[in-house]
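Please look over the sequence and the structure before reading on.

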Amino acid sequence: MASPSSAHQVVGELYAQHHSWVVQLLRRKLGAQEQALDLAQDTFVRILSSGSVPVFREPRAYLTTVASRLCGQYFRRQALERAYEQSLMILEPEHMPSPETRLLVLEALDAVGQVLDGLGSKVREIFLLSQLDGLTYPQIAEHMDLSVNVVQKAMLKAYRHCYLAVYAA
C-alpha cells in the first residue's frame, strides 16, 4: 500500500503510461470518443480514490478490469435512462416531472440497480418477484420450482444485502 503522496505519483505514472491505451480500449467498447475520454478519466479517478493503490504487476489487466466495470455501469445507466424516458412518454404533459425530479429519480434508480447487481441472479429474481410482483413465498417457490425454505433464505440474503448497502456505507 502506498501513502497518499506516493499513491498520487503511482497513479500519475500509470496515467502517463496507459491513458491513451485505456481511451482506445473504451472507444472500441463504446464506439464514441467523448464517452471513452470521460470513462478513461473516471478509471484513473476510481483508482486514486480507492484509498489504496496496489503494486501493479499487470497494470493493463487491472486497468481493463476497472474500465470495463465503469463501462458496464455506463451501459446500465444508459438503458435505465431509455426505459425511464419511455415510461414518461405515456404521461400527460401536466404530470411530467421537472428536469430536476427526473435527474433525482434516475440517480435513485441507478443506486437501486447497483445494489441489486450485487445479488446473485437467483436471489435477485426471487427478491424482485416478491417486492415488485407481490408474489408470496409459496407462489415464488412454485413459479421457480424451489422449496419455500429456499425462497425464505434467498429473501433473507437479499434483505441483508440491501441493509448493508444502505446502512454500512
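## Basis of the report

The structure is a predicted model, in which local features need pLDDT of at least 70 and side-chain atom pairs count only at pLDDT 80 or more, while totals for chains, interfaces and linings use all residues. Residues are numbered from 1 along each chain as its sequence is written, and side-chain values use heavy atoms, with hydrogens and water left out.

## Domains and annotation

The domain assignment divides the protein into domain 1 (1-97) and domain 2 (119-168); such bounds come from an automatic or database assignment. The centres of domain 1 and domain 2, taken over C-alpha atoms, are separated by 31 Å.

An unreviewed UniProt entry lists residues 110-162 as "domain: RNA polymerase sigma factor 70 region 4 type". UniProt positions are given here in the numbering of this report, feature names are shortened, and annotations may be inferred rather than shown by experiment. The span of residues 110-162 is 79% helix and 0% strand, and its end C-alpha atoms lie 14 Å apart. Helices (H or I, at least four residues) and strands (E, at least two) are DSSP runs, numbered from the N terminus.

## Helix α7

Helix α7 covers residues 148-167, 20 residues in number, and at 1.5 Å a residue it should span 28 Å; its end C-alpha atoms are 28 Å apart, which agrees. The expected span of a helix is 1.5 Å times one less than its number of residues.

In α7, the residues V151, A154, M155, A158 and C162 are buried. They cover an arc of only 100° around the axis, which puts them on the same side of α7; the arc is that of the directions from the helix axis to the C-beta atoms. K153, L156, Y163 and Y167, on the other side of α7, are exposed. Buried means under 20% relative accessible area, exposed over 50%, and partly exposed in between (1.4 Å probe, protein chains only). The buried residues of α7 pack against α4 (99-117), α5 (121-131) and α6 (137-144).

## S130 in helix α5

S130 is located in helix α5. With a relative accessible area of 13%, S130 is buried. Apart from its neighbours within four places in sequence, S130 is in contact (heavy atoms within 4.5 Å) with L135, Y137, I140 and M155.

## Salt bridges

The whole structure holds five salt bridges, a salt bridge being a side-chain nitrogen of Lys or Arg within 4 Å of a carboxyl oxygen of Asp or Glu. In one of them, the side chains of R76 and D117 meet at 2.5 Å, N to O. This pair links distant parts of the chain, with R76 in helix α3 (residues 59-88) and D117 in helix α4, 41 residues apart. R76 is partly exposed at a relative accessible area of 22%, and D117 is partly exposed at 40%.

R77 forms a salt bridge with E81, with the closest N and O atoms 3.0 Å apart. Because they are four residues apart in helix α3, R77 and E81 are separated by about one helical turn. R77 also pairs with D110, the closest N and O atoms being 3.7 Å apart. D110 lies in helix α4 and R77 in helix α3, so the pair ties together parts that are 33 residues apart in sequence. Both D110 and R77 are buried, whereas E81 is partly exposed at 26% relative accessibility. A network of salt bridges links R76, R77, E81, D110 and D117.
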